[in-house]
Amino acid sequence: MADDQVTLLDLWASPFGMRVRIALAEKAVKYEYSEQDLWNKGDLLLQMNPVHKKIPVLVHDGKPICESLIIVQYIDEVWNDKAPLLSSDPYERAQSRFWADFVDKKIHDVGRKIWTTKGEDQEAAKKDFIDSLKLLEGELGDKPYFGGDTLGYVDVALLPFYCWFYAYETIGNFNIEADCPKLIAYCKRCLEKESVSKSVKDPQKVYDFVVMLRKKFGLE
């Protein structure tokens, strides 16, 4: 696989792109990074993802793979000689996919409501967000990672959102660690891994990006 041509079409602040970056780092896959302008989408992105026209897109030997969780599974299957992200056990794989889907539906979708709404809607989103994190805390339990002793699929799905937490907290005026100390401790521990720390972005920069989005959408 040393001669593979791998390109990632991405946006620096995207938690979905960060998932792919973590997976590639775990597998020690060398790739070319191509930053995309989502307000002026280039020909390459439109050609490689004509259906959704979204990032991230992994281009492997000229063939595009879209949607972050599908890309992570693809990476795990293609570069299967090290750092497995999904278990070989069908039931455990199904559970991992369930919780990764939960992250998409509850952490991303509800987190977005925190910075795009105000008043009662925002308060409801904050409660839903904390309740969802508590469910994840329960699933994590006392394990180092969601899948056990090594970084896996659910960790890759969730960890990029940690660098968005500061934006959620600042805009929503609440404190996640106060309600979910175990989960925050887990996130901080995972950041000690180079594959994670080099793939996620500075929370202050993400916050500045979210403020820019709020102004762009007329929410400020």
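Asparagine 49 sits in the loop that runs between helix 2 (43-48) and strand 3 (57-60); helices (H or I, at least four residues) and strands (E, at least two) are DSSP runs, numbered from the N terminus. The model is a predicted one, in which local features need pLDDT of at least 70 and side-chain atom pairs count only at pLDDT 80 or more, while totals for chains, interfaces and linings use all residues. Residues are numbered from 1 along each chain as its sequence is written, and side-chain values use heavy atoms, with hydrogens and water left out.

With a relative accessibility of 3%, asparagine 49 counts as buried. Here buried means under 20% relative accessible area, exposed means over 50%, and partly exposed lies in between (1.4 Å probe, protein chains only). The side chain of asparagine 49 reaches the backbone nitrogen of histidine 52 at 3.3 Å. This falls under the heading of polar contacts (pairs of N or O atoms within 3.5 Å; within protein, one must be able to donate a hydrogen and the other to accept it, and residues adjacent in sequence count only if both atoms are side-chain atoms). Leaving out residues up to four places away in sequence, asparagine 49 touches Lys54, Val57 and Cys66, where contact means heavy atoms within 4.5 Å.

Glutamate 169 also has a side chain that meets a backbone nitrogen: a polar atom of this side chain lies 2.8 Å from the backbone nitrogen of isoleucine 176. Glutamate 169 belongs to helix 7 (residues 162-172). Not counting residues up to four places away in sequence, glutamate 169 touches Phe174, Asn175, Ile176 and Glu177. Glutamate 169 is buried yet has no salt bridge, and lysine 188, the nearest side chain of opposite charge, is 9.2 Å away. For charge, Lys and Arg count as positive and Asp and Glu as negative; His and the chain ends are not counted.

A salt bridge is a side-chain nitrogen of Lys or Arg within 4 Å of a carboxyl oxygen of Asp or Glu. By this rule there are eleven salt bridges. One of them joins arginine 19 to aspartate 104, with 2.7 Å between the closest N and O atoms. This pair links distant parts of the chain, since arginine 19 is in helix 1 (residues 15-26) and aspartate 104 in helix 4 (residues 90-116), 85 residues apart. Arginine 19 has 0% relative accessibility and counts as buried.

Another salt bridge joins aspartate 76 and lysine 27, whose closest N and O atoms are 2.8 Å apart. Here too distant parts of the chain are linked: aspartate 76 is in helix 3 (residues 68-78), lysine 27 is in the loop between helix 1 and strand 2 (32-35), and 49 residues separate them. Aspartate 76 and lysine 27 are both buried. By contrast, lysine 198 and glutamate 194 are both exposed; in their salt bridge the closest N and O atoms are 3.5 Å apart.

The next topic is the nonpolar core, a set of buried Ala, Val, Leu, Ile, Met, Phe, Trp, Tyr and Cys residues joined through side-chain atoms within 4.5 Å. The largest one has 72 residues, of which Phe129, Leu136, Trp164 and Tyr186 touch the most other members. Helix 4 supplies the largest share of this core, eight residues. Outside the four places on either side in sequence, tyrosine 186 touches Leu140, Pro144, Tyr145, Phe146, Asp155, Leu158 and Leu159.

Aromatic rings come next. Rings of Phe, Tyr and Trp (its six-membered ring) pair if their centres lie within 6.5 Å; planes under 30 degrees apart count as stacked, over 60 as edge-to-face and the rest as tilted. A search of the whole structure finds 14 aromatic pairs. Among them, tyrosine 74 and tryptophan 79 are edge-to-face, at 6.5 Å centre to centre with 80° between the planes. Tyrosine 74 is partly exposed, with a relative accessible area of 21%, whereas tryptophan 79 is buried at 5%. The rings of tyrosine 162 and phenylalanine 165 have centres 5.8 Å apart and planes at 80°, so this pair is edge-to-face. Both residues, tyrosine 162 and phenylalanine 165, lie in helix 7, three residues apart, about one turn of the helix. Tyrosine 162 and phenylalanine 165 are both buried. One aromatic cluster is formed by Trp12, Phe129, Tyr162, Trp164, Phe165, Tyr168 and Phe209.
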